[in-house]
Amino acid sequence: MSLTVAALLIAIPVGSASADPEPSLQDLAKQVEKMHTEIETLTEEYNGQREKLKTAKKAADAAQRTLATSEADLEAKRTEVALLAQNAYMTGGMNRMLAFATSGDPDSFLDRAATMDVLEQQQGAEVNQVTQAREAAERARAGAQARIDEVQEIVSELDTKRGKITKLVTRVESNLFRRALGEAGRPGTRAQRVNLPIVGSGKAAQAARWALTQQLKPYVWGAEGPNSYDCSGLVMAAYQRVGISLPHYTGSQWTAGRHISREEMRPGDLVFFYSDLHHVGIYLGGGMMVHAPQTGDVVRIASIANRPFAGAVRIAD
């Protein structure tokens, strides 16, 4: 990233006898655009961490179930060994020689001795199984703790990114920048609801039509509807509407379908921008897309020519 969060959060000088000249409106507008890029990039990193957290939580739950099963198996093996030890004791155990010396029936004693040998062999096998069960339980316990640690680390990273995004959004929405942008004017035109005819009857075209119904709803980082969206949240919601599950993360949406050339694009395909793929929209045809642009903006139709095109992905026909 060319502009660090720390640099963005340094107060802009307002002018004094020893201060540098006050930035021009154009300079302020450029700073805002850079901050919007930073917000969107951080937002998609945040979304990626949220998807990772879902996976980690599932792994942690599975590890806990494995641990519970291993501990139950260990307890059952211990009980079996205890019962075998008790049986061995009751059938003569350590007093075999004394029993033989006092027995009036050698045949009966030999039967009992054979039984005891079998019990001792079983006990030895059970002891080995207890050892294996204990080792399995220890591995399961270590695995469960590792998964829990992974979840906690991801949550910590999410909190850090959430804090950075919040500070950037506050900065972008400050009175200074609002006034500067109001005076300098934002690129493009005021968002208006536009009803475009979408060609096609498949799920991709249906998703594009539904996305158009969300026009003018505000961009909110991390949002996935129904009242607000970020860029990948709008894509996820549109395809969810037609029965296709996509992750809320541009990086994963990039690998969720078949990559196609710019010439092959048709309504409903996903269009990605920037080298790090931090922005995505839904292609409508005619070089236009519907997307959730940035903080302070709304879901709108825009030309795909206004951003650095990275590629397109077909999710469905």
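Let's start with handedness: α6 and α7 cross in a right-handed way, where right-handed means that the near helix is turned clockwise from the far one by less than a right angle, and left-handed means anticlockwise. Helices here are DSSP runs of H or I with at least four residues, strands are runs of E with at least two, and both are numbered from the N terminus.

Before I go on, this is a predicted model, in which local features need pLDDT of at least 70 and side-chain atom pairs count only at pLDDT 80 or more, while totals for chains, interfaces and linings use all residues. Residues are numbered from 1 along each chain as its sequence is written, and side-chain values use heavy atoms, with hydrogens and water left out.

Back to our pair. The angle between α6 and α7 is about 125°, and their axes are 8 Å apart; axes are lines fitted to C-alpha atoms, for helices over the stretch in contact, with angles from 0 to 180 degrees between N-to-C directions. The two helices are therefore oblique to each other, since under 35 degrees is roughly parallel, over 145 roughly antiparallel, 65 to 115 roughly perpendicular, and the rest oblique. On the α6 side, A204, A207, W210 and A211 meet A237, A238, Y239 and R241 of α7, with contact meaning heavy atoms within 4.5 Å.

How many residues of α7 are buried? It is 9 of the 11, so α7 is largely enclosed by the rest of the structure. Buried is under 20% relative accessible area, exposed is over 50%, and partly exposed is in between, using a 1.4 Å probe and protein chains only. Among the buried ones are L234, V235 and Y239. Just after α7, G243 has a positive phi of about 85°.

The loop between α6 and α7 deserves a look too. P226 sits there, and the peptide bond from G225 to P226 is cis, with omega near 0°. L216 is in that loop as well, with a positive phi near 75°, and is partly exposed at 37%. For context, most residues other than glycine have a negative phi, and most peptide bonds are trans. L277, in the loop between β2 and β3, has a positive phi near 60°, but this leucine is buried at 15%.

The largest nonpolar core has 49 residues, and Y239, L270 and I282 have the most contacts inside it. A nonpolar core is a set of buried Ala, Val, Leu, Ile, Met, Phe, Trp, Tyr and Cys residues joined through side-chain atoms within 4.5 Å. Elements supplying at least two residues each include α6, α7, β2 and β3, while α2 gives the most, with 8. A second, separate core of 9 residues includes M265, V271, M289 and A302.

Where is H291 found? In strand β4, residues 288-291, and H291 is buried at 3% relative accessible area. The side chain of H291 makes a 2.8 Å polar contact with that of H279; that term covers N or O atom pairs within 3.5 Å, where within protein one must be able to donate a hydrogen and the other to accept it, and residues adjacent in sequence count only if both atoms are side-chain atoms. H36, in α2, is also buried at 3%, and its C-alpha atom is 6.8 Å from that of T295, 259 residues apart along the chain.
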